[in-house]
Amino acid sequence: MSKTIGVDLGGSHVLAAVVDESGTILERAERDLTDHDPDVVVKAIVQAIDEVLEASKSVTAIGLGSPGNIDLSTGFVAYSPNFNWRGVALGEKLRAQVSLPMFFANDARCATLAEYTFGTGVGTKNFVLLTLGTGIGGGIVADGKLVLGNTFGAGEIGHHQIRATDGFICNCGKTGCFEAQASGTGLIRHALAIAHSFPRSTLVSGKPEKLGSKSIRKAAEAADPHGTAAWSRYTDDLARGIANVIAFVNPETIALGGGVAGAGAFMIDAVLPKVEVLTTMAPRGHTKLVTATLGNDAGAIGAATMAARGGHESPA
Ligand SMILES: [Zn+2]
């Protein structure tokens, strides 16, 4: 059975994993990242790759998923706000130090490929992953193929605006992006924005920066008035974005991953009726909304899967 390495480059750490054809991780190595200087990051990636190669020799190729806009052929990162990179020749630097063939893609597209191939996307042809974390990562599979776009910017679902006049400011600079409103960070911002209406709320009795999305969700589950109001605003915005995704892609399944999606049925049951109301031009009741199953390893598994297939040109 052929084995490849998948590398998931995150803001605070890099994971390299040896993955087999069934999507199972056989070996893994991680390095913390405290410095985003490209050469420091490259060194950490190479160290993690070397560590798993020591343990598992018969590897045929390496795939790497990076945040931001990355050229799939050259690995050139045009823009990565997480790393504050503009125009970094990541692929060239890595290929100079790694002898195996290397393939590149955006990290969220890699996670989508993994969830499509080994998770909740199995059996579908039209599939979307939305990862609700600090931001919203995502990816689209249309007619069985991962959608990448003309300049590798397809699937940036987090940056379509859903509240362009009255929304929160997004990391990308626009107002009211889906990510600003409906990520885990968005849930916190909703709770803080209405805190003045709940003077006896226990949610914000501590320092506002200590408020986490999980405590708000738990408060909503316990029918706390502040938590419930924040959750309602949050699920309104989440539904708005999901309904837009249905209008653009009309997928069979939309999988929700990331920390907030840990709410499971409590989230799905709140969001799905709102999505149905906002779905106008496709038949209602035909999009499955589910919780993603691969978790934090999806990026590495997807990068390895891409490498096993010889890069992005092969069908998903
Ligand atoms: Zn944005």
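How are helix 6 and helix 7 oriented relative to each other, and why?

Author: The model is predicted. In it, helix 6 covers residues 213-221 and helix 7 covers residues 225-249. Their axes come within 7 Å and cross at roughly 110 degrees. An angle from 65 to 115 degrees counts as roughly perpendicular, and helix 6 and helix 7 are therefore roughly perpendicular to each other.

The residues that meet at this crossing can be listed from each side. Helix 6 contributes Ile216, Arg217, Ala219 and Ala220. From helix 7 come His226, Gly227, Thr228, Ala230 and Trp231. Sorted by class, the contact of helix 6 with helix 7 has 5 nonpolar, 3 polar and 1 charged residues.

Helix 7 also has a contact with helix 8, which spans residues 265-278. Here the axes come within 8 Å, and the crossing angle is roughly 45 degrees. Helix 7 and helix 8 are therefore oblique to each other. The crossing of helix 7 past helix 8 is right-handed. On the helix 7 side, the contact is made by Trp231, Thr235, Asp236, Leu238, Ala239, Arg240, Ile242 and Ala243. On the helix 8 side, Ala270, Val271, Lys274, Val275 and Leu278 take part. By class, the contact of helix 7 with helix 8 has 9 nonpolar, 1 polar and 3 charged residues.

Strand 10 pairs with strand 9 (residues 127-132) in the antiparallel sense over 6 bridges. One of the paired positions is Val128, whose bridge partner in strand 10 is Ile140. Strand 9 and strand 10 form a hairpin, with 3 residues between them.

Strand 10 also pairs with strand 11 (residues 145-146), again in the antiparallel sense, over 2 bridges. In that pairing, Ala142 has Lys145 of strand 11 as its bridge partner. Strand 10 and strand 11 form a hairpin with 2 residues between them, and Asp143 in the turn has a positive phi of about 50 degrees.

To return to the question, helix 7 is roughly perpendicular to helix 6 and oblique to helix 8.

Terms used:
Residues numbered from 1 in each chain as written. Predicted model: local features only at pLDDT ≥ 70, side-chain atom pairs only at ≥ 80, totals over all residues. Axes fitted to C-alpha atoms, helices over the stretch in contact; angles between N-to-C directions. Helix = DSSP H or I, 4+ residues; strand = E, 2+ residues; numbered from the N terminus. Parallel < 35°, antiparallel > 145°, perpendicular 65-115°, else oblique. Contact = placed C-beta atoms within 7 Å. Nonpolar A, V, L, I, M, F, W, Y, C, P; charged D, E, K, R; others polar. Left-handed = near helix turned anticlockwise from the far one by under 90°. Pairing = 2+ DSSP bridges.
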